[in-house]
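Visitor: I've just loaded this one. Walk me through it, please.

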Amino acid sequence: MRALYSAPALGLVGAVFLLPVGQALWTSLHRVWRQVPHETPFVGLENYRLLLASDRFWAALGHTTVFTAGSVAVELVLGLGLALLVHRKIRGRGVLRAAVLIPWVLPTVVSSLLWGWIYHDRYGLANHLLLTLGVLAEPRVWLGDPALAMAAAIVADVWKTTPYVALILLTGLQAVDPIVYEAAALDGAAGARAFRHLTLPLLLPSMAVALMFRTLDAFRVFDLIYVLTRGGPGGSTETVSVLAYQLLFQDLDFGRGAAMGILILAAGAMIGTGYLWALRFARGAG
Amino acid sequence: MRRIGCCLLVAGLLAGLHGWARAESVTLAQFRQRDQQVENRLLKEFEAATGIRVEQRIMPASSDLQHQQYVTWLAGRDRSVDVYLIDLIWVAEFASAGWILPLDDRLPATARGDFLPAPLASAVYKGKLYAVPRFTESGLLYYRKDLIPTAPATWEELRGLAQAKRGGGVAGYVFQGKQYEGLVVNFLELLWSAGGEVLGPDGRILLNGPAGVVALTYLVELVGSGTAPRGVITYMERESLQEFLEGRALFHRNWSYAWSLVHREGSKVRGKVGVAPLPSWDGRRPGAAALGGWHLAISAYSERQDAAWRLIRFLTDARAQKAKAIGEGRLPTLASLYADPAVLEANPHFAALRQGLAHARHRPITPFYPRLSAVLQTSLSRALVGSSSPQEALDSAAREIATFVPRE
């Protein structure tokens, strides 16, 4: 009887998750080139082998890792600062809290186009500011240099998603009973000590949630990169999702594209499980 | 009992209505036209003349996004779109996938006489016609005739002039260098003019031969020496044209449509611009320009193929093309319109552009072109930013292309 209650949920998961994944898995074991629709032989793990043997796959994984680690780390630090700022009882807090969210509310495609213009070598704000401040001696072509392009993409992502991290951390901060701080103050712990021994440990669960969501999101980054650089210059910002898109919609290599999708899914599952495991471990230790 | 009868009657009526509505309408997927009013007027005329309603599906402006949307629909056997406006580089791919219908019975070879040969040839795959050219484009050289008296005859001459006369905030040569289809087009034009090819007639890959290497080296050196501003590595058509319109470049490669933008009121370079065919490599062989343009094709999953064909015929006949040429400055695909006084009065430059079209070449016709281009985009971009030498870049592209382009 109990099993019956979970049937609708299971059915839903089956329909919207297991079925498509199953089909992708099936496709990934065949050579499906849409240009030759009548030949779709079973090739076993060939699509996976080709991917894992190609430099392009590993380069994309490397770019994705750099992007994920870079953006998530900076977002966590800035997001924490921002959360602490808007948590305080200051004048205009309501307005500030709303204003902080604006970048996050913008559709990614819009903010990416915006950043595309900011990075423009002639008319861009980035060059204008840095030249005026004397940081740069001559304008840079931010998206035309493999080393700079990835950094530029990370900065754009940080601008957009720091508010999201701040929001999650803010809810964490607000869940802490002020009495805890009063008690700590009575015991002589205030300021930096209270932050180190109270705020941080109490925020740990929120941080883990923020980190997990952001890592999974950043790992699958697509629209930002696609609008800014299309994976260029010279493939230097091609991430795993951009590669999957390329295989599917440009190359029409559905088999390899499906294999790529499965690999991304597996990586995402690993990241998610890793975080959950770390969180449980941290809780158990605490 | 009566109630059931009533229900059946209503259901029957609805089904009939549904069938009637479907039979009498046809859906056209295309990007927003330059002047949508001109287009809407045309479609109204078609509806009035035939009684067939036309539903438009407006596509995103980016050609890649259109490709993605079309692929999603066609791979899913979508029956709701009957006519697709497609980039000519997709014809072979869509035809080979069985997504668009051959049109030889509907437009026999004898009825194709007035179509310009190059656009028409780009609609043919394996001897069969799969689409009808709606409008066309070709690559051209725009130059500042107030600063450069005559257009350079060779690419070497262009480089010399650009190098010598640039300065004071005016760059030498601005082209499209971002990692996308436009970069491939710019490279192919150089490759062809240097006598090279991407694929031989037997499917052999010739891309990384001597002509390919000199062509790519030329582009790399333009950027490396500052003759082309480094920013071109991030420019698509729009950004590069913007530089030229702002008066910040002596030479500029773009499609024929840029002509009307150069001469638009408010343009800073209005009256100061000359247009010429793309230069020759050695001064003996003529230069080569890439052919662009958009064709109309019938979806293989359309249930209203006859209505779809009538729409295509209407939109590609002389009357409709004339309206587009006069109203939107679109280059027609029919030879006779280049001698039409009304068309020439609205577009005096068409006579000159026709010359460019005569030498325009289509990009390799293979079902794998978009895939081949994607490989080239990355490799060419890698050479432009200096991550690999021209020879290495082309060798690795050739190796990759060999894994999917079939040898005959």
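Guide: First, a term: two strands pair if DSSP finds at least two bridges between them. Helices (H or I, at least four residues) and strands (E, at least two) are DSSP runs numbered from the N terminus. The model is predicted, so local features need pLDDT of at least 70, side-chain atom pairs count only at pLDDT 80 or more, and totals for chains, interfaces and linings use all residues. Residues are numbered from 1 along each chain as its sequence is written, with chains lettered from A and ligands numbered from 1 in the order in which they are written.

Visitor: What ipTM and pTM does the predictor give the complex?
Guide: The ipTM is 0.88 and the pTM is 0.90. Chain B has an average pLDDT of 92, and 94% of its residues reach at least 70. pLDDT is the predictor's per-residue confidence, on a scale from 0 to 100.

Visitor: Start with chain B. Which strand pairs with S10(B) over 6 bridges?
Guide: That is S6 of chain B, residues 132-144, and the sense is antiparallel. B:Phe135 stands opposite B:Trp294 of S10(B) there.

Visitor: And how many bridges link S3 of chain B to S10(B)?
Guide: There are 5, again antiparallel, with S3 covering residues 83-87. One facing pair is B:Ile86 and B:His295.

Visitor: Parallel or antiparallel for S11 of chain B?
Guide: Parallel, over 2 bridges to S10(B), with S11 spanning residues 360-361.

Visitor: Now helix H9 of chain B. Which of its residues are buried?
Guide: The helix runs over residues 237-245, and its buried residues are B:Glu239, B:Ser240, B:Leu241, B:Glu243, B:Phe244 and B:Leu245.

Visitor: What covers them?
Guide: The cover includes S6, strand S7 (171-174), strand S8 (249-255) and helix H10 (258-262) of chain B. After H9(B) comes B:Gly247, with a positive phi near 75 degrees.

Visitor: What are the domains of chain B?
Guide: Domain 1 is 25-136 + 291-361, and domain 2 is 138-290 + 364-402. These bounds come from an automatic or database domain assignment. Over C-alpha atoms, the centres of domain 1 and domain 2 of chain B are 27 Å apart.

Visitor: How many residues does each domain of chain B put into the contact?
Guide: Domain 1 gives 22 residues and domain 2 gives 19. Contact means C-beta atoms, placed from the backbone, within 7 Å.

Visitor: Which elements on the domain 1 side of chain B supply at least two residues each?
Guide: Helix H3 (63-75), helix H4 (91-96), S10, helix H14 (350-359) and S11 of chain B. H14(B) has the largest share, with 6 residues. By type, the domain 1 side of chain B divides into 10 nonpolar, 10 polar and 2 charged. Nonpolar covers Ala, Val, Leu, Ile, Met, Phe, Trp, Tyr, Cys and Pro; charged is Asp, Glu, Lys and Arg; the others, Gly among them, are polar.

Visitor: And between the chains? How many residues come from chain A and from chain B?
Guide: Chain A contributes 22 and chain B contributes 26. On the chain A side, helix H13 (residues 240-250) has the largest share, 3 residues. The chain A side splits into 8 nonpolar, 8 polar and 6 charged.

Visitor: Chain A itself: how many helices and strands?
Guide: 14 helices and 0 strands. Its C-alpha atoms fill a box of roughly 75 × 70 × 30 Å along the principal axes. Of its 286 residues, 35% are buried. Among chain A contacts between residues at least 6 apart in sequence, 70% join residues at least 24 apart.

Visitor: Which peptide bond in chain A is cis?
Guide: The bond from A:Gly232 to A:Pro233 is cis, with omega near -10 degrees. A:Pro233 sits in the loop between helix H12 (223-228) and H13 of chain A.

Visitor: What about A:Arg230? Positive or negative phi?
Guide: Positive, about 55 degrees, although A:Arg230 is not a glycine. A:Arg230 also lies in the loop between H12 and H13 of chain A.

Visitor: Why does A:Arg230 count as buried?
Guide: Because A:Arg230 has 24 C-beta neighbours inside 10 Å.

Visitor: And B:Arg77, buried or exposed?
Guide: Exposed, because B:Arg77 has 10 other C-beta atoms within 10 Å. Phi of B:Arg77 is positive too, near 50 degrees. B:Arg77 is in the loop between H3 and S3 of chain B.

Technical notes
A residue is buried if 20 or more other C-beta atoms lie within 10 Å of its own, exposed if 12 or fewer, and partly exposed in between; C-beta atoms are placed from the backbone. Two residues are in contact if their C-beta atoms, placed from the backbone, lie within 7 Å.
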